[in-house]
Amino acid sequence: MKLSILKNGVVRQKGKYVQTLIVLGICLVVVSVAAIAIHKIADTYIFKGDSITHIKREWKAYNYGNVYDISASLLKKKPFNNTALIYHGYASFFLALAENDTLMSQTYFDEAIFNMRLALQQAKSRTVPQLEYMLGKAYFYKNTVSSYYYYSDLAVLYLTRAEKHGYKADDIPEYLGLSYAALDMTMESISAFTRALLTRETDLLLLSIAEQYYKAGQSTASEQYLYRISQDCRDERITDKSHVLLGKIYTEQKKYADAEKEFSTILEKNENSGDAYYGLGVLYESQGDLVKARSYWRKALKVQANHPDALKKLADLK
C-alpha cells in the first residue's frame with residue numbers, strides 16, 4: 001500500500017478511498033439493473049399477466065371488466081382455481097348490475113351464480129359467509145331481470161345462511177324483506193323490514209312495510225307508515241304509490257271523500273296514472289255507481305292498455 005507524505009508532514013493513505021467508491025458504484029449499478037429487470041418481469045408476468053396479483057390490482061381499481069377478462073383467461077388454464085372463481089363470480093355480478101341489456105344482464109347473473117356456487121364447494125371457512133351473501137344478492141337481482149320470480153327462495157336461503165355464519169351487512173334485512181314478500185310470506189317480510197328500519201329509514205322501505213301490513217289485513221299499521229312517507233318524501237313514484245294504497249284503505253273503510261282525495265291528488269300531477277283511475281272506479285263501484293266505475297276503468301285502460309285489474313273488472317261486468 002502506497003503512502004504519500006504531505007508538505008506539513010501529514011501522512012495520507014493513497015488509493016483506498018478511490019477503490020471503495022468504485023466498488024460501491026459498481027454495486028449500485030448492478031442493483032439498479034437487477035431492480036429494473038425484476039420490475040419488468042413482475043409487470044409483464046404478475047401485474048399484467050393472467051395472475052391473481054393482477055386480478056387483485058384491477059379489483060382494487062374497480063375495473064370489473066378487466067377482472068372478468070383476466071379471471072376468465074386464468075380459469076381456462078386452471079378451471080378450479082378457487083380465487084379466480086370467486087373474483088370471476090363477483091365481477092360478473094357487478095357487470096350484470098351495470099348492464100342495460102336485459103339478456104346480457106341475465107347472462108352475467110347466471111355466470112356469477114355458476115362461478116360462486118362452484119367456488120363455494122372448496123372455499124375456506126372464512127370466505128364462505130361472504131360468498132353466501134353475494135349468492136343471495138345474485139339470486140335476488142336475477143328475479144328482477146327474469147320473466148318469472150323463481151329465485152326468491154334461493155335468495156332467502158343464502159342470505160340467511162350468510163347471517164347464520166356471521167356475515168354482517170346492513171342491506172341483508174331489506175333484501176330478505178323483499179324476497180319474503182315475493183314468496184307471499186307476509187309476516188316474515190314485515191319482521192325483516194322492521195329490522196331493516198333499525199339500520200336506515202328510506203321512503204321505499206316505509207312503503208314496502210306499509211304494503212305488507214295492508215296485505216296482512218292490518219290497515220291501521222299500514223296507515224302509520226304511509227303517513228310518515230307523506231311528511232317529506234320527494235320521490236313522486238313512491239308518493240303516488242302511497243296515495244293509491246291510502247285510497248284503497250279509505251275505500252274499504254267507506255271513507256269515500258278521503259279516498260277520492262288521495263286518487264285525485266295523483267291525477268292533479270299525473271293524468272296518465274292507470275292505478276288512480278282504477279282506484280276511482282273501485283270507489284264508485286263500492287257506492288253502487290257502475291256507470292262511473294266502468295268509465296274510470298276504461299280511462300285506466302286508455303292510459304295503460306294492459307292494466308290487469310281494470311281488464312278483469314270490465315271482463316267480469318261483461
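Modeller: The model is a predicted one. The chain has 16 helices and two strands, and 41% of its 318 residues count as buried.

Biologist: Why is S105 called buried?

Modeller: Buried means under 20% relative accessible area. S105 has 2% relative accessibility, so S105 counts as buried. S105 is placed in helix α5 (residues 102-120), and apart from neighbours within four places in sequence, S105 is in contact with A96, E99 and V145.

Biologist: Why is the aromatic pair of F140 and Y175 called edge-to-face?

Modeller: Ring centres must lie within 6.5 Å, and planes over 60 degrees apart count as edge-to-face. For F140 and Y175 the values are 4.9 Å centre to centre and 70° between the planes, so the pair is edge-to-face. F140 lies in helix α6 (residues 128-144) and Y175 in helix α8 (residues 172-182), so the pair ties together parts 35 residues apart in sequence. F140 is buried at 13% relative accessible area, and Y175 is buried at 11%. Ring pairs link both residues into a cluster, with W59, Y62 and Y64 among the other members.

Biologist: How do you know that the charged end of R161 sits over the ring of Y158?

Modeller: The rule requires CZ of Arg within 6 Å of the ring centre and within 35 degrees of the ring normal. The charged end of R161 is 5.5 Å from the centre of the Y158 ring and is assigned as sitting over that ring.

How values were computed: Residues are numbered from 1 along each chain as its sequence is written. This is a predicted model: local features need pLDDT of at least 70, side-chain atom pairs count only at pLDDT 80 or more; totals for chains, interfaces and linings use all residues. Side-chain values use heavy atoms; hydrogens and water are left out. Helices (H or I, at least four residues) and strands (E, at least two) are DSSP runs, numbered from the N terminus. Buried means under 20% relative accessible area, exposed over 50%, partly exposed in between (1.4 Å probe, protein chains only). Contact means heavy atoms within 4.5 Å. Rings of Phe, Tyr and Trp (its six-membered ring) pair if their centres lie within 6.5 Å; planes under 30 degrees apart count as stacked, over 60 as edge-to-face and the rest as tilted.
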